[in-house]
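Please look at the aromatic side chains in the model shown here.

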Amino acid sequence: MGFKTLDLFAGAGGIRLGFERAGFKTVFANDNNKKCKLTYDLNFKEPELSVKDIWKIYIKEIPDFDVLLAGFPCQAFSIAGNQKGFRDEQTGGNLFFKIAQILRIKKPEAFMLENVKNLKNHHNGHTFNIIRNILERLGYHIKAEVLNSMTHGNIPQNRERIFIIGFLDKDKADAFEFPEEIPLTKSFKEFVLDKTEDKYYYNNKPLYEKIKNDVNSEDTVYQWRRRYVRANKRGVVPTLTANMGTGGHNVPIIRNGIGIRKLTPQECFWLQGFPKSFELPEIADSYLYHQAGNSVTVPVVERVAQNMMLVMKGKMLNQQMTISRF
C-alpha cells in the first residue's frame, strides 16, 4: 500500500499532489475552508476533504499514517502580515500547537511542514526555536531549509518558503537531504494564454490610464501596488499571494499584443506547478486567487517528497531526481 500521509491545512491540494506523485497515499485530509473543498474534491478521489475546525478533530479517530503534512497558516509570521506569531489566533498563529499534539499522540514516522520564509527570523528567531524545541522534545530529528520555486522547481515564480522535515529515526534524518538547485529553463510565457476573457483586460478601464506607461514590456511581469506599478526585474512572476483576490491588489499583470491584463486564476494555478488537467470549480475568481496564492509550488514539494520516500525506503539519495513533467 505504501507510506500513508495526513494532509492538514490542505487548501486546494498542492501538497497532496506533490506527495502522491512521489508515491505516497493520502488517508485523511482537512481544511476549514468550504470553498477549498469544492476545488479539492473536484480533483481528488477518496479521501475527500474534511471541512472542520482542526481544534475539534478527535485525534484518536484520525486513521493511522506515516507522514504528517501541513502547510500551516502563515499570515501570523509573514512580513506582509501583522507578525503576531503564536499570539495571533485570528489568523491561526497558534495552530502549530495542534500539529504538535497530533504528532505526540499519533507518533508518525516523519512530517513535513511548510511556511513563509520569515518564520525562521520571526521575533529574532525565537518563534522558530520554539517550534524546533517542541518537535525535538517529541522525539523528532529536524532539518529545515528555505527553497525557492524558481531555483528548486523550475517554475518561473520568485517564491521562497521554509520546509521543515522531521524523522523519528536519527539515521533517516541524517540521510535526508533537501533537493539541490536546478536550472530555471521555463519562461512565464509558457504558463499564460495568448488570449483570455475580456474581464481580465484593463483596456478601457479606469486603471488602464494609470498603468499603461509603466507596463511597457511583454517580457516582464508587473504588479499594481495600489498606488504604483512594480516591475519584476528577474523576468519571473512575483510571489503569488493569498490576498490577490482583494480588489485586484497584487495580481500579476502582463502585456501582450491584445493589451494589458492580469493573470487569470487558472494561470496562477499553473504558475504554482499544478498540471493543466487540474480543474477549477465555478466559483468567484476571488476565492480561486486566494487558493492559488495560499498553495504550494507542486514540483518543489514533489522533489522534497521524493527525497523523503527514498530515505524512508532506506535507499541512497539520488541528487539528480527528475520532476514530473508539467
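**Aromatic rings**

Q: Is Phe-176 buried or exposed?
A: Buried means under 20% relative accessible area, exposed over 50%, and partly exposed in between, with a 1.4 Å probe and protein chains only. Phe-176 has a relative accessible area of 1%, so this residue is buried.

The model is predicted: local features need pLDDT of at least 70, side-chain atom pairs count only at pLDDT 80 or more, and totals for chains, interfaces and linings use all residues. Residues are numbered from 1 along each chain as its sequence is written, and side-chain values use heavy atoms, with hydrogens and water left out.

Q: How many aromatic pairs does the structure hold?
A: Rings of Phe, Tyr and Trp (its six-membered ring) pair if their centres lie within 6.5 Å; planes under 30 degrees apart count as stacked, over 60 as edge-to-face and the rest as tilted. The number of aromatic pairs in the structure is eleven.

Q: Which kind of pair do the rings of Phe-176 and Phe-178 form?
A: Phe-178 is buried, at 9% relative accessibility. The ring centres of Phe-176 and Phe-178 are 5.0 Å apart and their planes stand at 80°, so the pair is edge-to-face.

Q: Which kind of aromatic pair do Phe-269 and Phe-278 form?
A: Phe-269 is buried at 0% relative accessible area, and Phe-278 is buried at 5%. With 5.7 Å centre to centre and 25° between the planes, the pair of Phe-269 and Phe-278 is stacked.
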